[in-house]
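Dear colleague,

I am handing over the structure below, and I would be glad if you could look through it alongside the notes that follow.

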Amino acid sequence: MTMANVTDLQTKYSKLAQEYSKLRAQNQVLKKGVVDEQANSASFKEQLKQRDQSLRKQEQEMDSLSFRNQQLAKRVELLQEELASKVDSPSQHGLETQSVFDEDLQKKIEENERLHIQFYEADEQHRRQEAELMTRLQELEKESEQHQAVVDGLTAKYMETIGRLQSDKARLEVKAQTLEREAKECRMRTEECQQQLRRCQSELNRQVKQSSSVIQEKVPFNDTKFGDYNSLNVPPHNRRHQLKARDLSGQALSFIQDLVAALLNFHSYTEQRVHIYPLDSSIELISPLNQKFSQYLHENAAYVRPLEDSCLQLHQSITEDTVTVLETVVKLKSFADNFSSYTHFLQKILPYQLKSLEEECDTPLCTAALTAKNQELQRDMKRVTSVFEKLQSYIYLLALPSVRQDAMPQSSTSAVFTQLAACLHSLHDAIKEMSKHYNQKAGLEQDLPTITQKLCTTTECLLGSLGSLTSSTGKIATFFSNNLDFFTSSGYSPRGSTVPLNPLQAESMLANKKKASAYIHAIKKARPQSVPYKEALSNRRILTSSTESREGLTQQVHQSQEKIARLEQEKEHWLLEAQLGKVRLEKENQRIADLETQLAAALQGSPHSQPAAASTLAQSHEEVEKEQKPAGRETTLCTSLVGMLCTTPTVEHMGDEESREQLIKTHYMARVGELTTQLQISDSKAVHFHSECRALAKRLAIAEKSRETLSEGVKLANQNITRLQDELATTKRSYEDQLSMMSDHLCSMNETLSKQREEIDTLKLGSKGNAKKNKGR
């Protein structure tokens, strides 16, 4: 076990000891709380005992009072008896004695009443105190039970924790002893390795001296000593730096796309708002200032879209095989130019924005609060435009090294990137303030009487675009600040030189790399393998059998195609027959309708003309049947009223008018009954469909509400998913970078160890050879 594991176990043991001490302190606090609660419970019990004593004392007083009351009652009775016995004696002495007894009796009665009142009050007070004390006793018992349950639970928990900690302590002590033994072994091995290292160092020093003497004698010129010559050397290709640059450019492209979409929406919805407020362009003509402002805003895509296109070209120019530094990123200049044109566009529309807000303040319904918010928005727009101007300056400075060499010293690059990051944070703060003021302004505009639904919708869209703009600028500022170390680091430079990389050097390095790669591929080109004889014979048999089966399948396909063509012809023939039959059926239906009208006209005429009309109808019906028979078609019986009249023998052979009228009446009554039934069925269906339509309308309204609720939930879920995906991607990239760095570090350490082992083996062999030589001597 290594020293790192020992350190980790000691750290864990110290943490467990700290937790154990914390738990012991908490246990002491809880014990103190339990003791306090027990003391309170004892005091409450003592108070309860005192109350019981006072209660018993009052009961004794009540008993004495009741006993005295009984004595007084007996004495009153005796006095009454004596008074009754002395009523007959009319002497003066008896009267005086009677008056004395009356006074004494009155006093006793008053005293009795007073004692009764005191007894009642004492009894009521006793009952009340008893009830209060019983309630208090029950509450205290409940609290005592709860405290006891808490104490029992905590005691069990702490006992379990103490047992677990003791077992952990024993296990860790065993591990610590094992680690101590391993540490001793490691120290011994370390001493041996240090001895070997000293020997290796002495050997390496000797080899360095020998090599330096050889270099001084044999190498006439060393170009790494001079900066001008060393700058001509091709620097090593940093693949990890390129992959990191490719990844960061992809992230920057996604952020720029979000920013471009937010800017397009913001300018477009601002144009719509200008057409709606303070004057609606669909009703009356807006001011010339707003017309010009709307015209400029309509051109925003021509300035915003190139930002995304130039950033995409910049991302495509950064590949794994290129060298990405400020001196070689040529596409950054086009992005800087497009950003500069967009900044000029913001400067051009800024006066119109300010004047448009002033027009809103001049409207009659504009309140003082709205005027204050418009003034705050004017300051926000000026601040946003100034921040974009600063960003344009910094981006142009970063694009200069790719256009002109030595345009900006390398020492200033870090300061430019730092100021650019601070400026991005300032842009995020400014847009955040503008979004907050727009929200407050929209809330004040809701109270205006002239507000329209169109303006409310446009304002909501404008606020949404400001929210997305705030989010995208915040992401860009955070992304730039998190990767500021990579942007300010120098990824490529010749060994031992501080001169920045030249684009010509980068092209030379890439050309040499391609030549070396092509040479390696040419060396490693493998010969094509030949097919064994048995496998070739089996492939030939399979090919022959597949050819024969292919010919049989081809014949089957031809036969199937001929059969399909014949069936298609028959299908067309029967389709034509069906169309002809449909035409004949329509003609027959038309002729039957004409016969029905003729019959109705004949029935409405004179009774003498009815037989003639009937005979005419019969003749026409016979003609129809004669026409149908030569055509080779099967005739069908007519099921309509006219057909029944024509084919009924009673009408043909009976000349009686009553029978004919009765038959017609019967048929028409049956037809009326059928139509009534159909009408009732239609009414019932209509009522059913109406109720279904109302139910469906209610369900549709409920579904719309649920759809809106679910759509809001989906939006929130998508936002959370996007945020979590961004966090996951960021975490994943950081972990991948850490893993790649650790893997590179491990590879380098393995190489170093392998070299040291080889050197140690070489030195051992050399020492053995020297020992043998010494022995031979």
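Glu358 and Lys355 both lie in helix H7, three residues apart, or about one turn of the helix (helices are DSSP runs of H or I of at least four residues, numbered from the N terminus). Their side chains meet in a salt bridge at 3.7 Å, N to O, the term being used for a side-chain nitrogen of Lys or Arg within 4 Å of a carboxyl oxygen of Asp or Glu.

This is a predicted model, in which local features need pLDDT of at least 70 and side-chain atom pairs count only at pLDDT 80 or more, whereas totals for chains, interfaces and linings use all residues. Residues are numbered from 1 along each chain as its sequence is written, and side-chain values use heavy atoms, with hydrogens and water left out.

Helix H7 also bends by about 35 degrees at Ile349, with a proline, Pro351, following within four residues; the bend is the angle between axes fitted to the seven residues ending at a residue and the seven starting there.

Across the whole structure, the search finds 16 salt bridges. Among them, Arg136 pairs with Glu139 at 3.8 Å, N to O, both residues lying in helix H2 (residues 92-218), while Arg273, Glu360, Lys441 and Glu445 are linked in a network.

The search for disulfides (pairs of cysteine sulfur atoms within 2.5 Å) finds zero in the whole structure. For Cys200, the closest cysteine sulfur, in Cys193, is 9.8 Å away, too far for a bond, and for Cys361, likewise in no disulfide, the nearest, that of Cys366, is 4.7 Å away.

Technical notes. Helix = DSSP H or I, 4+ residues; strand = E, 2+ residues; numbered from the N terminus.
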